[in-house]
Amino acid sequence: MDPLAKSETAPESLVDETRRRGRGARSNHSGRFEAERRVSFDDGWENLAGLDAFRTEVYAEPARSIITRNKSPDISFDQSINPYRGCEHGCIYCYARPTHCHLGHSAGLDFETKLYAKTNAAELLEKELAAKAYVPKVIALGTNTDPYQPIEREHRITRQILEVLERASHPVGIVTKSALVLRDADILSRMAARRLAKVAISVTTLDRRIARAMEPRAVTPGKRLDAIRGLSEAGVPVAVMVAPVVPGLTDSEIERILKTARDVGATEAGYVLLRLPLELKDVFREWLKSEFPDRADRVISLLRSMHGGKDYVAEFGLRQKGRGPYAEQIAARFGLALKRLGLNTRRQSLRLDLFTPPVAKGQQMPLL
């Protein structure tokens with residue numbers, strides 16, 4: 001059976017290219033929580049001709065709490081902050097796409113164009129850090145959507161969060177694929193000098209053509225390498241994340257990405273296998289069949305071979321690495337490259353003992 005046949009999407013239900021220009025997803029189907037499945041299609045009378053192109057819309061979303069906690073055994077952090085919902089980068093493989101369905105939106109084009117900014121994030125963070133019961137643990141930024149996506153230039157929520165963390169001497173780890181992180185090199189370098197900050201830059205591919213197709217509004221691979229170099233020169237420890245590894249499309253680049261990143265300053269590295277949970281399986285298939293029809297069958301076949309014949313298995317310990325011969329081959333190649341390049345030999349742990357709780361409004365300053 002053709003593995004692509006599992007997609008329920010008919011070609012006529014895909015959004016016209018002129019309306020989705022510069023975006024990753026090809027469709028905007030209703031999410032799993034909607035009572036009705038709505039699909040736009042041309043009935044032969046050019047009824048779609050008057051529809052506007054998808055434009056980025058940003059909604060202010062005052063949050064009720066800002067630090068998210070998790071107990072997942074295969075994740076390296078216990079708490080995180082996501083300043084935004086949705087991501088304008090439009091990465092077609094983003095495992096966070098299905099979370100937009102909780103808002104009544106689509107995991108497709110809505111995820112890239114209907115964005116939410118947590119405008120009170122810094123204020124809430126200061127309040128939560130000041131709580132008597134708070135126990136400091138490294139806070140991760142960028143675990144769901146990119147904290148340095150394009151709208152951060154205007155909203156500056158990520159920078160405000162970093163300002164709070166620096167004042168409190170609280171450790172932070174950042175994952176991004178944006179060169180905008182260099183804007184905050186001043187804060188990050190000061191924090192890194194006290195072992196309070198690390199950054200991981202995601203490099204999926206070094207092929208600009210593939211990168212442009214997969215990550216349409218993210219910076220080029222070259223700009224990400226510049227970010228690694230710039231942070232490293234500023235004294236900030238930098239890791240490269242080869243994520244996600246797309247079998248049959250980008251997995252051949254693993255060694256080259258690691259060497260190139262090492263040469264510009266990365267000292268640590270990690271990887272994550274492509275994950276296709278929930279609505280993402282169809283969103284990704286539509287894109288794959290459109291952009292790489294000659295490789296589509298092989299990519300899906302290899303991926304399913306690493307998940308026991310399924311698109312995705314959410315089991316802890318397996319969801320990010322897979323299993324089986326092909327998954328073992330990727331892990332072995334990655335491990336050999338790390339050893340040859342000297343990566344991960346000096347992992348720097350972040351300090352928790354410097355944390356100084358902020359003084360909440362109305363609270364007395366501590367006496368010396």
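Reader: Is strand E10 mostly covered or mostly uncovered, and how many of its residues are buried?

Author: E10 is mostly covered, and six of its six residues are buried. Buried means under 20% relative accessible area, exposed over 50%, and partly exposed in between, with a 1.4 Å probe and protein chains only. Strands are DSSP runs of E with at least two residues and helices are runs of H or I with at least four, numbered from the N terminus. This is a predicted model, in which local features need pLDDT of at least 70 and side-chain atom pairs count only at pLDDT 80 or more, while totals for chains, interfaces and linings use all residues. Residues are numbered from 1 along each chain as its sequence is written, and side-chain values use heavy atoms, with hydrogens and water left out.

Reader: Which way do the residues of E10 point?

Author: Glu268, Gly270 and Val272 point one way, and Ala269, Tyr271 and Leu273 the other. In a regular strand the side chains alternate between the two faces of the sheet.

Reader: What is the strand order in the sheet?

Author: The open sheet has seven strands in the order E2-E3-E6-E7-E8-E9-E10, with mixed pairing. Two strands pair if DSSP finds at least two bridges between them. Strands E2 (68-69) and E10 (268-273) are at the edges with a single partner strand each, so one side of each has no neighbour in the sheet.

Reader: How many bridges join E9 to E10?

Author: Five bridges join these parallel strands, and Val245 stands opposite Leu273 in E10. Together with helix H8, E9 and E10 make a right-handed β-α-β unit: with the strands pointing away from the viewer, the path from the first strand over the helix to the second runs clockwise.

Reader: Changing topic, how many disulfides are there?

Author: A search of the whole structure finds zero, a disulfide being a pair of cysteine sulfur atoms within 2.5 Å. The sulfur of Cys94 is too far for a bond, because the closest cysteine sulfur, in Cys87, is 6.5 Å away. Cys94 is buried, at 14% relative accessible area.

Reader: And which residues have the most contacts inside the largest nonpolar core?

Author: They are Leu125, Leu129, Leu258 and Phe284, in a core of 95 residues. Such a core is a set of buried Ala, Val, Leu, Ile, Met, Phe, Trp, Tyr and Cys residues joined through side-chain atoms within 4.5 Å. Its largest share, seven residues, comes from helix H11 (residues 325-341).
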